[in-house]
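Q: Can you walk me through this one? I'd like to take it topic by topic.

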Amino acid sequence: MGRRTNPARFVAVAAALTLGLAGCSESADTGGDGGSADESGPITVGAVLDITGAGASLGVPERQALELLAGQLQAEGGIDGREVELIIEDDQSTEDGAAQAMNKLVNEDEVDIVLGASRTGPSLAMRPIAEQAQIPMISLAANAAIVDGSEWVFKSAQNDRVVIERMIEYMAGQGWTTIGLARDASGFGEGVQEIFDEVGAEAGISVVAVERFAPDATDFTAQMVNLRDAAADVNVIWGIPPAAGLAQRAYAQLGITTPVMQSHGIGNQVFLDTAAESANGLVAPLGRLVVADQLPEDDPQREVISTFVDDYTAEYGEGPSTFAGHAYDGWQLAVDALREVGTDPQALRDHLEGVEDFVGISGTFTMTPEDHSGLTKDALVLVTVQDGEWTLLPDQGA
Amino acid sequence: MVDLLQLVFAGLSQGAVYALVAIGFVAIFTVSGVINLAQGEFAALGGLVAISAVGSGLPLLAAVVVAVATVAVVAVLMERLTIAPVKRMTTLVSLILTLGVSTGLKALMLLVYGPDAEGLTPINPGGFTVGGVSIRYQELWILAVAAVVSAAVYWFYERTLAGKALRACAEQPVAARLVGISLGRASLTAFLIAGCVGAIAGVMASPIYFTSWESGLTLGLKGFVAATLGGLVSVRGAVLGGLLLGVLENLTAGYVSTGLRDAVAFLLLIVVLVARPSGVFGRSAEARV
């Protein structure tokens with residue numbers, strides 16, 4: 001299924017390119033026809049994912065989703081008769097791994113568009129490379145900093161700000177005013193406290209305690225003890241599985257009864273498995289994908305989501321996570337643009353920036369020059385966990 | 001006060017896991033002078049084998065036995081294939097060799113078990129609270145098993161003839177051979193012990209701390225630091241070192257900053273290597289064979 005090109009071919013191609021293009025690499029781009037793109041050869045889509053390391057529970061389903069979609073596109077005969085080649089790179093959940101992979105995709109493989117990375121830190125490491133090489137990139141990660149003021153970078157996951165707006169709305173409805181925050185110490189959790197304070201200011205909600213944990217941490221006793229002492233109205237755990245699940249577990253195990261909210265970083269089975277019964281009753285703003293079967297009939301995303309869930313489940317024997325959904329959206333946005341305007345990078349970028357009412361898995365995208373994320377808080381529903389299942393919260397708090 | 005006790009207790013159970021890994025380092029180093037950098041991978045492999053055995057329907061106890069046996073076989077194979085053939089083993093050569101094995105094992109685990117971190121089913125799930133300190137049953141199991149295993153290894157090396165013979169190999173290889181001790185067999189036994197202890201560490205840690213193909217790296221590093229506290233030759237030193245490290249880490253995370261948790265081990269390592277290279281707890285061990 002995977003359209004990974006074999007390494008031996010890379011070496012040969014890279015060597016040929018280095019020799020052939022040594023003298024004219026920079027000037028070749030000015031024709032606006034960047035990279036390898038002649039208009040008849042295969043279209044190449046690069047992807048940088050956290051397939052191993054701390055972000056593996058995100059990157060693996062993302063890879064599966066991309067491989068599934070690439071296979072489907074292949075079966076349909078590609079785009080305008082041109083084959084679409086998908087090249088997936090593993091950044092090992094590290095920033096330098098992502099930068100290396102991005103450099104390889106841009107310089108050696110000369111891809112037409114890049115998807116990834118799975119998490120914020122690696123995505124931020126890729127951003128300057130995309131901007132400099134002027135290649136469109138669609139990140140699958142959350143932090144708004146990835147697309148803040150960017151020209152060539154877009155993203156398919158809900159912005160953390162949008163997520164926090166949704167959470168503050170719910171907190172205000174519950175009459176909570178103080179937040180204890182345990183956040184991921186990497187890029188995903190960066191700036192979260194500030195956004196909570198900023199968005200919450202109007203409702204008089206503020207963060208009173210902050211604890212940090214490494215994305216690959218395994219023991220959370222210290223952080224949770226400190227949260228317990230902070231005695232806030234509500235505690236927020238902001239991380240990705242398995243860390244977010246282990247933190248939830250430690251929380252319950254220390255017998256803390258304060259309500260917990262989690263971020264949109266937990267939308268996969270790994271979280272449910274890791275947190276087990278300790279997850280019961282938490283509230284998190286998640287994409288509609290996890291509650292696909294509970295959506296009302298008239299939900300505009302219902303059809304897209306259920307088709308994807310069925311295809312993915314048929315292929316892999318398990319339902320897709322929200323992260324697979326981010327990959328789906330990134331891929332479809334890319335394919336839609338490639339279909340409309342071909343492989344010219346400037347045209348691709350302009351098309352992505354003009355995307356309007358594009359129905360995806362994580363929401364309905366409308367991009368603008370100021371907003372390269374395209375999703376509002378309507379893209380999220382409040383979800384709780386009951387007996388190991390995601391359940392749509394009856395009170396959406398809005 | 002409750003917080004302090006909570007942090008110390010959580011630190012002790014984490015430290016007991018470090019201690020078990022550290023015993024593995026000591027078991028091999030005292031016999032052959034080899035520093036086995038794949039010791040952490042023994043633990044990771046033990047956890048992963050047990051998880052997949054439980055996943056395929058084996059009862060927990062049987063899965064643990066399978067895991068320990070598998071890792072023991074891997075350890076023995078490792079000794080036969082990479083350590084035994086080397087004619088002039090120095091500590092440096094051993095570092096390079098075992099680093100290679102560790103990398104290979106990691107790649108293999110990634111290939112076979114995939115990238116996700118998983119936890120083994122605990123022996124009894126849940127826990128209880130005493131005076132505000134919450135305790136998981138698994139933590140008690142870890143402490144108990146660590147106590148039994150370290151006592152057994154200590155007794156074997158310090159109190160039995162066979163154990164003393166093994167240690168003689170490192171201190172006086174020529175003399176040991178003259179009195180009829182087989183160096184090859186001694187080294188093999190040491191790896192067998194290290195494999196079993198490593199697997200037990202991995203199996204015990206897995207329900208709380210989770211196991212993935214790469215969890216051996218941190219465990220190995222922390223275990224190595226703990227072993228160094230005992231000068232790499234003392235089982236008692238390794239156990240005390242592991243517990244101390246676990247508690248210090250948790251206190252640092254609780255009272256100073258969670259970001260510094262992993263730095264504690266390396267600060268400790270530097271301090272010990274500069275101030276007391278022969279180990280803090282293990283001074284007398286060398287003289288008493």
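**Domains, strands, helices and the chain contact**

A: Start with the domains: in chain A, the C-alpha centres of domain 1 and domain 2 lie 30 Å apart. Keep in mind that this is a predicted model.

Q: Which residues go into domain 1 and domain 2 of chain A?
A: Domain 1 of chain A is 7–158 + 309–367. Domain 2 of chain A is 160–286 + 380–392.

Q: How many residues does each of the two put into the contact?
A: Domain 1 of chain A gives 18 residues, and domain 2 of chain A gives 22 residues.

Q: Which helices supply the domain 1 side?
A: Helix 2, helix 4 (120–133) and helix 11 (322–341) of chain A each supply at least two residues there. By class, that side of domain 1 of chain A has eight nonpolar, eight polar and two charged residues.

Q: Switching to strands. What does strand 13 of chain A pair with?
A: Strand 13 (residues 381–386) of chain A pairs with strand 10 (residues 283–286) of chain A, antiparallel, over four bridges. Strand 13 of chain A also pairs with strand 14 (residues 389–392) of chain A, again antiparallel and over four bridges.

Q: Which residue stands opposite A:Leu286?
A: A:Val381, in strand 13 of chain A. On the strand 14 side, A:Val383 has A:Leu392 as its bridge partner.

Q: And what is in the turn between strand 13 and strand 14 of chain A?
A: The two strands form a hairpin with two residues between them. A:Asp387 sits in that turn, with a positive phi of about 45°.

Q: Over to chain B. At what angle do helix 9 and helix 10 of chain B cross?
A: Roughly 125°, and the axes of helix 9 (residues 215–229) and helix 10 (residues 235–256) of chain B come within 7 Å. Helix 9 and helix 10 of chain B are therefore oblique to each other. The crossing is right-handed.

Q: Which residues make that contact?
A: From helix 9 of chain B, they include B:Lys222, B:Val225 and B:Leu229. From helix 10 of chain B, B:Gly237, B:Gly241 and B:Leu245 are among them. By class, the contact has seven nonpolar, three polar and one charged residues.

Q: Last topic. How many residues of chain A are in contact with chain B?
A: 23 residues of chain A, against 20 residues of chain B.

Q: Which element of chain A gives the largest share?
A: Helix 7 of chain A, with six residues. Helix 2 (56–75), strand 7 (206–213) and helix 8 (243–253) of chain A are also among the elements giving two or more residues. By class, the chain A side has eleven nonpolar, eight polar and four charged residues.

Methods: Residues are numbered from 1 along each chain as its sequence is written. Chains are lettered from A and ligands numbered from 1 in the order in which they are written. This is a predicted model: local features need pLDDT of at least 70, side-chain atom pairs count only at pLDDT 80 or more; totals for chains, interfaces and linings use all residues. Two strands pair if DSSP finds at least two bridges between them. Axes are lines fitted to C-alpha atoms, for helices over the stretch in contact, and angles run from 0 to 180 degrees between N-to-C directions. Angles under 35 degrees count as roughly parallel, over 145 as roughly antiparallel, 65 to 115 as roughly perpendicular and the rest as oblique. A crossing is left-handed if the near helix is turned anticlockwise from the far one by less than a right angle, and right-handed if clockwise. Two residues are in contact if their C-beta atoms, placed from the backbone, lie within 7 Å. Ala, Val, Leu, Ile, Met, Phe, Trp, Tyr, Cys and Pro count as nonpolar, Asp, Glu, Lys and Arg as charged, and the others, Gly among them, as polar. Domain bounds come from an automatic or database domain assignment.
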